[in-house]
Amino acid sequence: MSKQVKNVQLSERFKVLNREADLICGLITSGIEDLRNISKGSAYYYQSFYSLSVGLERLMKLILYLENPSTNLRSFNHNLVQLKKATKITFSVGGVLRIN
């Protein structure tokens, strides 16, 4: 395989990963903004938590993929607890996200 073909393949992979990162950022941002804008007494949290959970799931799967592209991401289904353990991410009060 020529160097030019490899560069095109890497460029396409980067574009796909960049789009995924943009989507993740949008989901997490949307979830946080929605939570911030909920008025007191409102019971409408579903959309906020849905956006956050999908964004965090995709972020953890992206981390796993970047660490090892051969990881079977489908085996995690939507299990955030297993994903958190596999990525070794630590969440703490105060908005700190730490990747060990």
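Okay, Glu 33 and Arg 36: these two sit three residues apart in helix α1, so about one helical turn separates them. They form a salt bridge, with the closest N and O atoms 3.0 Å apart. By salt bridge I mean a side-chain nitrogen of Lys or Arg within 4 Å of a carboxyl oxygen of Asp or Glu. The general idea is that side chains of opposite charge can pair when their charged atoms come close. Glu 33 counts as partly exposed at 32% relative accessibility, while Arg 36 counts as exposed at 58%. The cut-offs there: buried is under 20% relative accessible area, exposed is over 50%, and partly exposed is in between, using a 1.4 Å probe and protein chains only.

Quick word on what we're looking at. This is a predicted model, where local features need pLDDT of at least 70 and side-chain atom pairs count only at pLDDT 80 or more, while totals for chains, interfaces and linings use all residues. Residues are numbered from 1 along each chain as its sequence is written, and side-chain values use heavy atoms, with hydrogens and water left out.

So, the overall layout. The protein has three helices and two strands, and along the sequence they come in the pattern α-α-α-β-β. Those are DSSP runs, numbered from the N terminus: H or I with at least four residues for helices, E with at least two for strands. Of the 100 residues, 21% are buried. The protein exposes about 7600 Å², and carbon and sulfur atoms supply 58% of that; the areas come from the Shrake-Rupley method with a 1.4 Å probe, and for residues only the protein chains shown count as cover. Then contacts, meaning heavy atoms within 4.5 Å: of those with a separation of 6 or more, 38% are between residues 24 or more positions apart.

Back to the charges. How many salt bridges does a search of the whole structure find? Four. One of them pairs Lys 15 with Glu 12, the closest N and O atoms being 3.6 Å apart. These two are again three residues apart in helix α1, which covers residues 3–37, so about one helical turn lies between them. Both are partly exposed, Lys 15 at 42% relative accessibility and Glu 12 at 39%.

Another one joins Glu 20 to Arg 58, with the closest N and O atoms 2.6 Å apart. Glu 20 is in helix α1 and Arg 58 is in helix α2, so this pair ties together parts that are 38 residues apart in sequence. Arg 58 is partly exposed, with a relative accessible area of 30%.

What do the rings of Tyr 46 and Tyr 50 do? The structure holds two aromatic pairs, and these rings make a stacked one, because their centres are 5.9 Å apart and their planes are at 20°. For the terms: rings of Phe, Tyr and Trp (its six-membered ring) pair if their centres lie within 6.5 Å, with planes under 30 degrees apart called stacked, over 60 edge-to-face and the rest tilted. Both tyrosines lie in helix α2, four residues apart, about one turn of the helix. Tyr 46 is exposed at 59%, and Tyr 50 is partly exposed at 45%.

Now, Lys 61. It's in helix α2 too. Is Lys 61 buried or exposed? Buried, with a relative accessible area of 18%. A polar atom of its side chain lies 2.8 Å from the backbone oxygen of Asn 77. Leaving aside residues up to four places away in sequence, Lys 61 touches Leu 73, Phe 76, Asn 77 and Leu 83.

Phe 76 and Leu 83 turn up again in the largest nonpolar core, which has six residues, including Met 60 and Ile 89. The largest share of this core, three residues, comes from α2. A nonpolar core here is a set of buried Ala, Val, Leu, Ile, Met, Phe, Trp, Tyr and Cys residues joined through side-chain atoms within 4.5 Å.

Last stop, the stretch around α3. Asn 68 sits in the loop between α2 (46–67) and α3 (80–87). Its side chain makes a polar contact with the side chain of Ser 70, at 2.8 Å. Asn 68 is partly exposed, at 36%. Further on, Asn 79 caps the N-terminal end of α3, with a side-chain oxygen 3.1 Å from the backbone nitrogen of Val 81. A polar contact is a pair of N or O atoms within 3.5 Å; within protein, one must be able to donate a hydrogen and the other to accept it, and residues adjacent in sequence count only if both atoms are side-chain atoms. And after α3 comes Lys 88, with a positive phi near 60°.
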